[in-house]
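Okay, thanks for coming, everyone. Let me put the model up on the screen and then walk you through it.

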Amino acid sequence: MRQVTVLGSCGAFPEPGRACSGFAIEWDGFRLVLDLGYATFPRLLARWPDAAVDAVVITHEHPDHCVDLHALFRMRLYGPSGGPRLPLYCPPGVLDRLAGLEPDVDLRTVFDPRPLPGHHQAGPFALTGTLLPHWVDNAGIRLEADGTAIAYSGDAGPTPLLAGLGRDADLFIVEATDRPGERERPDRNLMTAAEAGLWARRAHARRLMLTHFWPGNDRTAALQAAGTTFPGEILIADEDLTIPLGRPARGSA
């Protein structure tokens with residue numbers, strides 16, 4: 001089984017019935033979590049009740065992308081799972097931010113931090129983290145395995161680096177925050193749906209998934225705006241949506 005499931009799709013804070021940024025990726029039995037924002041951990045448990053993940057990747061330290069990592073930490077620390085430390089790929093600020101929630105317990109008792117940006121091997125994936133413009137260090141993520149690439153912008157302002165990050169990706173997950181007044185800001189740290197489509201087109205991505213919607217925004221309007229700049233398939237990140245990836249492994253169901 002090779003697929004990505006949306007755990008959460010909101011930016012800033014979750015709308016009713018939704019969650020903030022998070023994705024669960026399965027690849028031939030390997031389980032990887034990409035961001036764990038507000039309200040994503042219960043959705044992760046609904047999919048994998050034992051929270052038996054093999055790796056976690058966090059793009060940056062803003063809580064709408066990382067705060068539920070602390071819930072996973074507590075389940076690993078106090079629950080029955082035990083086992084070796086969990087590889088955690090993230091910029092240093094993520095651990096610093098979460099340590100403030102519980103300074104008397106060392107997060108490294110559960111997690112084995114691997115620094116981003118940088119290059120790593122995470123199970124079957126060649127993982128590349130690329131520093132993208134945001135208010136804090138944000139690592140755009142590219143995962144490659146068996147000829148398939150998945151890319152994720154995290155949060156980012158418009159930059160040519162996005163074209164390289166999502167180059168020929170099977171699925172390019174791009175934030176389309178459309179925060180009111182975003183285009184008029186002198187320093188850009190977020191994008192619009194039309195800009196997400198533009199960079200996906202320049203990357204020659206096969207499919208674009210829009211995510212990180214500002215609460216209250218019209219997602220259908222975002223889809224239409226992205227369609228003016230991206231000619232390929234466009235998906236809206238809705239909670240529990242599952243998308244197949246690449247080609248099935250030989251002999252797999």
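To count as a pair, rings of Phe, Tyr and Trp (its six-membered ring) need centres within 6.5 Å; planes under 30 degrees apart are stacked, over 60 edge-to-face, and the rest tilted. Phenylalanine 23 and tyrosine 152 have ring centres 5.3 Å apart and planes at 70 degrees, so that pair is edge-to-face. Phenylalanine 23 sits in strand β2 (residues 22-27) and tyrosine 152 in strand β10 (residues 148-152), so the pair ties together parts 129 residues apart in sequence. Helices (H or I, at least four residues) and strands (E, at least two) are DSSP runs here, numbered from the N terminus. Both phenylalanine 23 and tyrosine 152 are buried, where buried means under 20% relative accessible area, exposed over 50%, and partly exposed in between (1.4 Å probe, protein chains only).

Now, phenylalanine 73 and phenylalanine 111: their centres are 6.2 Å apart and the planes make 40 degrees, so we call this one tilted. This pair also links distant parts of the chain, with phenylalanine 73 in helix α3 (residues 69-78) and phenylalanine 111 in strand β6 (residues 111-115), 38 residues apart. Phenylalanine 73 is buried at 0% relative accessible area, and phenylalanine 111 is buried at 1%. Then there's one aromatic cluster formed by Trp27, Phe30 and Phe125.

Quick word on where this comes from. It's a predicted model, so local features need pLDDT of at least 70 and side-chain atom pairs count only at pLDDT 80 or more, while totals for chains, interfaces and linings use all residues. Residues are numbered from 1 along each chain as its sequence is written, and side-chain values use heavy atoms, with hydrogens and water left out.

Okay, the sheet. Seven strands make an open sheet, ordered β7-β8-β9-β10-β11-β12-β13, with mixed pairing; strands pair if DSSP finds at least two bridges between them. At the edges you've got β7 (118-122) and β13 (233-236), each with a single partner strand, so one side of each has no neighbour in the sheet. Strand β12 (residues 207-211) runs parallel to β13, and four bridges join them.

Which residue of β13 does methionine 209 stand opposite? That's leucine 235. Methionine 209 itself is in strand β12 and is buried, with 0% relative accessible area. Leaving out residues up to four places away in sequence, methionine 209 touches a list of residues including Val6, Leu171, Ile236 and Leu241, contact being heavy atoms within 4.5 Å. Phe23, from that edge-to-face pair, is among the contacts of methionine 209 too.

Last one: arginine 188, in the loop between β11 (171-175) and α6 (193-203). Buried or exposed? At 19% relative accessibility, arginine 188 counts as buried. Its side chain makes a polar contact with the side chain of glutamate 195, at 2.7 Å. A polar contact is a pair of N or O atoms within 3.5 Å; within protein, one must be able to donate a hydrogen and the other to accept it, and residues adjacent in sequence count only if both atoms are side-chain atoms. A polar atom of the arginine 188 side chain also lies 3.0 Å from the backbone oxygen of leucine 190.
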